Amino acid sequence: MKSRWTEHGASEAVDRWGGQFGEAVALRLYSARLIGADPTLVLHGGGNVSLKDKLRTRLGDDADVIYVKGSGADLATLRPQGLPAVDLAYLRRLRCLDSLTDEEMINELRTHLFDASAPTPSIETLLHAFLPQRFIDHSHADAVLAVTSQPDGEVVAREAMGDKVAIVNYVRPGLDLAKAVVDCYEGDPNIEGIVLLHHGLITFGDDAKAAYERHIALVDACERYIEKKSRGRSLTPLFHSKEEPPTLAAGIAPVLRGLVAAQTGDEDRPYLRSVLEWRATEEVLAFVGSSEARKLAAAGPLTGDHLIHTKARPLFIENPQWSDEEGRRRRLEHAVDGYRHEYKAYVSEHGGPADQVDPSPQVILLPGVGLFCWGKTKRDARVTADIAEHTLNTQARAQAIGRYTGLPPDHLYDMEYRALQRMKLGSAGERPLERQVVVISGGAGAIGAAVAETCAAAGAHVAVTDLDEQRLSRVVQRVEQRWGAGTVLGVTTDVTSEESVTAGFDKIVRFFGGIDVVVPNAGIAHVAAIENMDVDDFRRVMEVNATGYLLFMREGIRVLKRQGLGGHIIINASKNVFGPGKDFGAYSASKAAGHQLGKVAAIELAPYGIRVNMINADAVFGDQETPSGLWATVGPERAKSRDLSEDQLPEYYRTRSLLKTRVYGHHVGNAVVFFAGNATPTTGATLPIDGGVVEAFPR
Ligand SMILES: [Zn+2]
C-alpha cells in the first residue's frame with residue numbers, strides 16, 4: 001500500500017475549505033478522504049478520524065474542541081458538516097467514570113456539541129479525545145485484520161508491524177476501549193500507532209500528513225508480511241459444479257428469497273421481503289468451493305462493526321448437489337430453517353427478544369454459485385455484499401498465514417444488538433411497495449415508463465423490459481437519477497420469444513433475487529376494418545399483445561411460485577375490451593385475449609396467493625419525454641376514422657369522458673400501486689381508468 005498524499009491534492013483541499021473552516025480542518029478532510037477512498041482500509045461508513053483545534057464561540061472565547069467524524073458520515077465523501085465539534089476539555093474529564101452506557105454516552109456527546117443540529121459524533125469519539133495528538137486516523141484495514149485474526153494475534157501483529165505500535169486486546173468501542181487505548185499510549189508515548197485486535201488500527205501525529213502516512217506505512221507492513229508468509233498458499237478446491245454459476249443462481253435466488261422472507265402475521269402484508277445482491281467473482285467462487293469454507297464461515301466475523309449488516313455468521317450450504325427442483329427446495333428449506341432455529345436460540349440465550357428479531361441469514365454461501373446477500377433495498381444488499389466479500393478475502397489471507405480466528409464469541413451478541421451500531425442503518429418509514437420488485441414489459445413506452453416511475457416512487461425496485469434498447473436506457477437513467485442506483489434494472493426483451501422472456505426473467509432474479517408484481521404491458525396496434533384486415537398485420541398484433549402477455553405471465557408465474565410469497569399480476573388491458581371502436585379489430589381482439597387470460601389466471605393462481613387484476617385504461621398519449629409509440633403509429637388513422645385531425649385526438653378522448661379528464665400513464669401506475677399494495681382483497685377484477693366512458697361500463 002502506498003501513500004496517496006500529494007502536495008497538489010493537499011493544497012487543493014486548503015483552497016476549497018481552508019478559507020471558511022481553517023487549514024487544519026481542510027487537511028483533516030483531505031486525508032480522511034484518502035483513507036475513505038480505499039475499500040481495503042474502510043467500507044461504507046467504517047473507520048473514523050479526528051482533529052483537535054480551537055473554536056471561537058459567540059462570546060469571543062477560544063474553546064478547545066475535537067472535530068470527529070459524525071455517525072453515518074462516510075470518510076470517502078466527508079465534508080465539514082460531517083465533522084461535528086465537541087467540547088474537548090469536558091470529554092477528557094469523562095475518563096474518571098467507571099462506566100457509561102451507549103445511551104449515556106450519546107447524551108454526553110450531544111449535549112457538548114457546538115452546533116445543536118450537528119450529527120451525533122462517532123461511538124469512538126472518547127478514544128480520539130483521550131489521546132493527546134492533534135490528528136488521529138482510525139481504520140479497519142483488511143491487512144491489519146488478517147494479521148491480527150490469529151490464535152496468537154498479538155505475536156503476529158508485533159512480527160508484522162514491529163515495536164512502533166502498541167497492541168490492545170479486543171474491547172467493545174466506548175469508554176472502556178478509550179481508557180484501554182490511552183492507558184496503553186501513556187505506557188509508551190513513543191509509539192506511532194495502536195493495533196486493536198479484531199478491530200483495526202489507530203495512528204496519530206501532530207499534522208495530518210504524519211498521522212496518515214504512519215497509517216499507510218503500518219498497513220503496508222502488514223501487506224508485505226502476508227505476502228511473505230503466505231507464499232502463494234491458497235484455499236483447497238473441493239467443489240466442482242457441472243452447471244454455470246449464473247444458471248444455478250437464477251434457479252436458486254427466488255427459492256431463497258421466499259425462504260428468507262420474514263412473516264409479519266399481517267394478513268394484508270404477510271411477508272417482509274428482501275432484495276438480493278449476488279456475487280460470484282473468481283475469489284468468491286474459490287472461497288465457497290474450498291474445503292476450508294465451512295470452517296471459516298463458522299469461525300466468526302472479522303470485527304464487531306460488520307455484525308449489524310452480516311449477522312455473526314453466514315449460512316453455508318454444503319455440497320448443493322440436488323437431483324431436481326423439489327430436492328433443491330427441500331435442501332435449501334432445511335438449511336434456512338436450521339439457521340433460523342439456531343439464531344433464535346442464540347438470541348434467547350442472551351436474554352434477547354427472540355420473537356422480535358428476523359432470524360433469517362443475511363449472507364448465504366453456496367459452493368459453485370457464490371455469495372447471496374439480502375437487504376431491505378438493493379443498496380443495503382450491496383453494502384452487506386461488500387462487507388461479506390472483504391470478509392471472505394481477508395479470512396482466506398488470514399488462513400494462508402496461519403489459522404483464521406474470528407472475533408471471540410462472547411463479544412458477538414453484544415455488538416450485534418448495540419443501539420449505536422443499529423443507528424448506523426437508519427430506519428425510514430416504509431412506502432407501500434418497499435421491498436417489492438415490479439416487472440413491467442413495454443417499460444420504455446408511455447404507460448410502461450410511467451408505471452415504472454410511479455412504482456419506484458412507491459418504494460418498489462423495478463425491472464423494465466422492452467425491445468427498444470435506446471428508449472429503455474433513457475427510462476432506466478431517469479428512475480436511477482431520481483431513486484438511486486440499484487432501484488431499477490433495464491432488460492432488453494422480445495416478448496414474442498420464449499427464450500428471450502425466460503432469459504429476461506433469469507437476469508431479473510439474479511439482480512433482485514425474485515419478483516413480486518408482474519405487469520404485462522408491451523403492446524402494438526394496427527388500424528384496419530375487419531373486411532380489409534391483412535392477416536399478417538392481425539397475426540403481428542396478436543403475437544405481441546396476446547402471445548406476448550401469455551409468455552410474460554407464464555414466466556412470471558413460474559418465478560412467483562418458486563418463491564412462494566404470493567404476488568400480483570396486473571394486466572394492462574384496455575378500455576377497448578368493454579368498449580370497442582371501429583377499425584380497431586386486431587387491437588381489441590388481442591386486448592380481450594389478454595384480459596381473458598387474466599381472468600383464467602386469477603382462478604388458477606388464487607390457491608398460491610397470487611392475485612390477478614386488469615386495468616382498462618383509455619388512450620394515453622404520453623408526454624414529450626416519453627411519447628406514446630403506439631399512438632405515433634396509429635394516431636393518424638385513428639384520427640381519420642373519427643373525422644378528426646391528429647392533434648385533436650387527446651381533446652376528443654378527454655371530452656368524451658364523463659369526468660372530462662385526460663388519462664396519463666401515472667394513473668395506470670397508481671392503479672398498479674393500489675393493487676400491489678393489497679389494499680383490498682381483490683382478484684379477477686377490472687379497474688377502468690378512463691374518466692368514465694359509459695359504453696365501457698362493465699356489464
Ligand atoms: Zn473502529
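**Terms and values**

Tutor: In strand S19, Ile-615 is the bridge partner of Asn-572. The model is a predicted one, in which local features need pLDDT of at least 70, side-chain atom pairs count only at pLDDT 80 or more, and totals for chains, interfaces and linings use all residues. Residues are numbered from 1 along each chain as its sequence is written.

Student: What makes S18 and S19 a pair?

Tutor: Two strands pair if DSSP finds at least two bridges between them. Strand S18 (residues 567–572) and strand S19 (residues 610–617) have six bridges, in the parallel sense, so they meet the definition. The strands themselves are DSSP runs of E, at least two residues long, while helices are runs of H or I of at least four residues; both are numbered from the N terminus. The chain has 25 helices and 20 strands.

Student: Which sheet has S18 and S19 in its order?

Tutor: An open sheet of seven strands, in the order S16-S15-S14-S17-S18-S19-S20, with parallel pairing. Strand S16 (488–492) and strand S20 (686–689) are its edge strands, since each pairs on one side only. From one strand to the next the twist averages 20°.

Student: What packs on this sheet, and at what angle to S15?

Tutor: Helix H18 (residues 446–457) does, touching strand S14 (437–441), strand S15 (461–466), S16, strand S17 (517–519) and S18. Touching here means contact: the C-beta atoms of two residues, placed from the backbone, lie within 7 Å. The direction of H18 makes about 170° with that of S15. Such angles run from 0 to 180 degrees between N-to-C directions, with axes fitted to C-alpha atoms, for helices over the stretch in contact. Helix H19 (residues 469–483) lies across S15 and S16 and runs at about 175° to S16.

Student: Which sheet has mixed pairing?

Tutor: An open sheet of four strands, in the order S10-S13-S12-S11. Its edge strands are S10 and strand S11 (315–316). S10 and strand S13 (residues 370–375) run antiparallel and are joined by five bridges. In S13, Gly-375 stands opposite Val-275. Helix H15 lies across S10, strand S12 (363–366) and S13, at about 140° to S13.

Student: Why is Ala-26 called buried?

Tutor: A residue is buried if 20 or more other C-beta atoms lie within 10 Å of its own, exposed if 12 or fewer, and partly exposed in between. Ala-26 has 22 other C-beta atoms within 10 Å, so Ala-26 is buried. Ala-26 is in helix H2 (residues 23–36). Leaving out residues up to four places away in sequence, Ala-26 touches Ala-13, Val-14, Arg-16, Trp-17, Gly-18 and Phe-21.

Student: What makes H2 mostly covered?

Tutor: Of its 14 residues, 11 are buried. What covers the buried residues of H2 includes helix H1 (7–21), strand S1 (48–56), strand S2 (62–68), strand S4 (135–139) and helix H9 (208–230).

Student: How do you know that the span of H2 agrees with its 14 residues?

Tutor: The expected span is 1.5 Å times one less than the number of residues. For H2 this should be 20 Å, and its end C-alpha atoms are 20 Å apart, so the two agree.

Student: What is the phi of His-44?

Tutor: His-44 has a positive phi of about 40° although it is not a glycine. Most residues other than glycine have a negative phi. His-44 is in the loop between H2 and S1, and is buried because 20 other C-beta atoms lie within 10 Å. Arg-435 also has a positive phi, near 75°; Arg-435 is buried, with 21 other C-beta atoms within 10 Å.

Student: How many residues does the contact take from domain 2 and from domain 3?

Tutor: The domain assignment, which is automatic or from a database, gives domain 1 (7–230), domain 2 (245–411) and domain 3 (437–626 + 662–688). The contact takes 20 residues from domain 2 and 17 residues from domain 3.

Student: Where is the pLDDT below 50?

Tutor: pLDDT is the predictor's confidence in each residue, from 0 to 100. The chain's mean is 92, and 98% of its residues reach 70 or more. Over residues 423–428 the pLDDT is below 50. Where pLDDT is low, the predicted coordinates should not be read in detail.
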